[in-house]
Amino acid sequence: MNDKTFPKTENTSLRRLPKRGSYDHAVVHAIIDEAMIAHVGFSGPDGQPFVLPTAVARIGETLIIHGSAISRMMKTLAGGVPLCLSVTHVDGVVLAKSAFHHSMNYRSVTVFGRARMIEDPAAKEAALRALTDHLAPGRWDLLRPVTAKEVKATTVLEIPLVEAVAKVRSGPPVDDAEDLDWPVFAGVVPVKLVKGEPVPV
Ligand SMILES: Cc1cc2nc3c(=O)[nH]c(=O)nc-3n(C[C@H](O)[C@H](O)[C@H](O)COP(=O)(O)OP(=O)(O)OC[C@H]3O[C@@H](n4cnc5c(N)ncnc54)[C@H](O)[C@@H]3O)c2cc1C
């Protein structure tokens with residue numbers, strides 16, 4: 001078990017319900033590893049914020065994202081601008097006796113940092129392998145090998161995991177005592193993201 005923790009910083013200190021926070025590497029890693037996508041937020045040259053979804057994978061203490069070499073997101077992030085990346089899983093809809101206490105069970109992570117372009121060919125290929133195998137484990141080794149042209153057309157960025165925090169809610173609704181006899185269902189409706197049966201071409 002990885003018992004390391006991320007430092008609590010100005011960016012990652014939870015002010016609302018800090019008891020739901022975790023700085024444990026193992027907790028942060030597990031939430032990221034279950035994610036197919038992350039949302040990456042960054043500012044453009046004129047300060048306009050953008051938040052875009054993108055595939056994500058983790059190699060140790062590094063996140064990997066990739067994209068077309070001509071993508072604005074890739075070009076901007078490769079310039080080393082500050083970024084904030086987030087990952088969210090919704091695990092349940094929490095139905096309380098009052099609207100006020102409705103909630104969701106969730107696991108989410110935010111990461112702050114800057115991206116760096118991976119230039120080393122072996123490291124770039126390892127990163128592309130991680131992204132592919134993250135979506136479909138073991139697939140990279142079965143595929144037609146990537147060509148130099150494909151690798152050149154792809155920008156691969158690494159984001160060191162140094163400033164990160166997780167927030168997790170689980171469990172039943174928390175109702176006010178005087179509402180407990182109110183005649184409406186209360187409980188949790190589980191939510192799951194499920195892969196279906198593969199459909200062959
Ligand atoms: C599930 C998923 C996975 C993806 N994985 C990757 C990936 O691994 N690598 C990658 O490069 N891209 C990925 N994308 C696409 C990514 O979100 C961007 O569309 C893409 O990177 C182009 O970025 P850009 O900055 O060049 O966009 P531009 O074409 O410059 O964007 C122009 C404007 O279009 C809008 N826009 C762009 N993308 C989106 C979007 N996805 N949804 C809604 N509006 C949008 C925004 O308003 C943006 O400001 C993924 C998208 C999804 C939904």
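The model is predicted, and local features need a pLDDT of at least 70, side-chain atom pairs count only at pLDDT 80 or more, while totals for chains, interfaces and linings use all residues. Residues are numbered from 1 along each chain as its sequence is written.

**Overall make-up**

The protein has four helices and eleven strands. Helices (H or I, at least four residues) and strands (E, at least two) are DSSP runs, numbered from the N terminus. Along its principal axes, the C-alpha trace spans about 65 × 45 × 40 Å. Of the 201 residues, 22% count as buried; a residue is buried if 20 or more other C-beta atoms lie within 10 Å of its own, exposed if 12 or fewer, and partly exposed in between, with C-beta atoms placed from the backbone. Two residues are in contact if their C-beta atoms, placed from the backbone, lie within 7 Å. Among contacts between residues at least 6 apart in sequence, 71% join residues at least 24 apart.

**Strand pairing**

Two strands pair if DSSP finds at least two bridges between them.

| Strands | Bridges | Sense |
|---|---|---|
| β1 (residues 21-22) and β10 (residues 163-169) | two bridges | antiparallel |
| β7 (residues 103-114) and β10 | seven bridges | antiparallel |
| β4 (residues 57-59) and β5 | three bridges | antiparallel |
| β5 and β9 (residues 154-160) | seven bridges | antiparallel |

Strand β10 pairs with β1 and with β7. Ser-22 stands opposite Ala-166 in β10, and the bridge partner of Ser-108 in β10 is Lys-167.

Strand β5 likewise has partners in β4 and β9. Leu-63 of β5 is the bridge partner of Arg-58, and Leu-63 also stands opposite Ile-159 in β9. The hairpin of β4 and β5 has two residues between the strands, and Gly-60 there takes a positive phi near 60°.

**Helix α3**

Helix α3 covers residues 121-135. The expected span of a helix is 1.5 Å times one less than its number of residues. For the 15 residues of α3 this should give 21 Å, and the end C-alpha atoms are 22 Å apart, which agrees. Its buried residues are Lys-124, Ala-127, Leu-128, Ala-130, Thr-132 and His-134. They are covered by elements including β4, β5, α4 (148-152) and β9.

**Tyr-106**

Tyr-106 lies in strand β7. Tyr-106 counts as partly exposed because 18 other C-beta atoms lie within 10 Å. Leaving aside residues up to four places away in sequence, Tyr-106 touches Thr-88, His-89, Val-90, Asp-91 and Arg-169. Lys-167 is 61 residues from Tyr-106 along the chain, yet their C-alpha atoms are separated by 7.9 Å.

A residue is near a molecule if its C-beta atom, placed from the backbone, lies within 6 Å of it. The residues that surround the ligand are Ile-37, Phe-50, Leu-52, Pro-53, Thr-54, Ala-55, His-66, Gly-67, Ser-68, Ser-71, Arg-72 and Met-73. Strands β3 (49-55) and β5 (62-68) and helix α2 (72-78) are the elements that give two or more residues to this shell. Strand β3 provides the largest share, five residues. By type, the shell divides into six nonpolar, five polar and one charged. Here Ala, Val, Leu, Ile, Met, Phe, Trp, Tyr, Cys and Pro count as nonpolar, Asp, Glu, Lys and Arg as charged, and the others, Gly among them, as polar.
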